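Please read these notes with the model open beside you.

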Amino acid sequence: RLMVGEAAPPFEVKTMDGRAVKLADYRGRFLLLNFRWPQDEWRLDVEGLKRAYDACVNDPRFAMLTVHLNATADDVRKRGAGQSIAWTQALGGAAFERDIPVGYRAGPAMTFVLDPDQKVVAKIVRGGDAEASVNRVMRQAR
């Protein structure tokens, strides 16, 4: 399992509109990286994730990505209906899910905060903890 201080394994996924996105695209910024499985209680976590996003959306050093695993674009749209989710949503896809980097196999609803060098600076199990973790990391980076 990926631990604080370790480098995040590289990956590539497709956004909801089919655009390829790589972990390397976020190098140089802090990244809140959230993994979702269909059985996760999205509605319980999304409010905390939204607060984390809202707290840092205007900071050019910050980005956010949710990777939905074992889900279709329609599944994700249905789950997010009425949620006003503004950050990048991506689909893991069959290849990603088959070959998912071992470090990310940390269980459902796992979220990582990566530093600009793509090292893990925080692990979050529930979305409600995301805002506090992101705020702490961003404060320490000032």
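**Notes on the sheet and its cores**

1. Strand 1 (residues 12-15) pairs with strand 5 (residues 88-91) in the antiparallel sense, over two bridges. The model is a predicted one. Within this pair, Thr 15 stands opposite Ala 90 of strand 5.

2. Thr 15 belongs to strand 1. Is Thr 15 buried or exposed? Its relative accessible area is 4%, and because buried means under 20%, Thr 15 counts as buried. Apart from neighbours within four places in sequence, Thr 15 is in contact with Val 21, Thr 88, Gln 89 and Ala 90.

3. As a reminder, strands of a sheet pair through backbone hydrogen bonds, either parallel or antiparallel.

4. What is the order of the strands in the open sheet? There are seven strands, in the order 2-1-5-4-3-6-7, and the pairing is mixed. Strand 2 (20-22) and strand 7 (120-124) are the edge strands, each pairing on one side only. From one strand to the next the twist averages 30 degrees.

5. Val 113 has Ala 122, in strand 7, as its bridge partner. Helix 4 (residues 130-141) lies across strand 3 (30-36), strand 4, strand 6 and strand 7, and runs at about 165 degrees to strand 7.

6. The largest nonpolar core has 19 residues. Those with the most contacts inside this core are Phe 11, Leu 31, Leu 33, Leu 65, Val 67, Phe 112 and Leu 114. Strand 3, strand 4 and strand 6 are the elements that give two or more residues to it. A second, separate core has 17 residues, including Phe 62, Met 64, Val 113 and Ile 124.

7. Leaving aside neighbours within four places in sequence, Leu 65 is in contact with residues including Phe 11, Leu 31, Leu 33 and Thr 88.

Conventions. Residues are numbered from 1 along each chain as its sequence is written. This is a predicted model: local features need pLDDT of at least 70, side-chain atom pairs count only at pLDDT 80 or more; totals for chains, interfaces and linings use all residues. Side-chain values use heavy atoms; hydrogens and water are left out. Two strands pair if DSSP finds at least two bridges between them. Helices (H or I, at least four residues) and strands (E, at least two) are DSSP runs, numbered from the N terminus. Axes are lines fitted to C-alpha atoms, for helices over the stretch in contact, and angles run from 0 to 180 degrees between N-to-C directions. Contact means heavy atoms within 4.5 Å. Buried means under 20% relative accessible area, exposed over 50%, partly exposed in between (1.4 Å probe, protein chains only). A nonpolar core is a set of buried Ala, Val, Leu, Ile, Met, Phe, Trp, Tyr and Cys residues joined through side-chain atoms within 4.5 Å.
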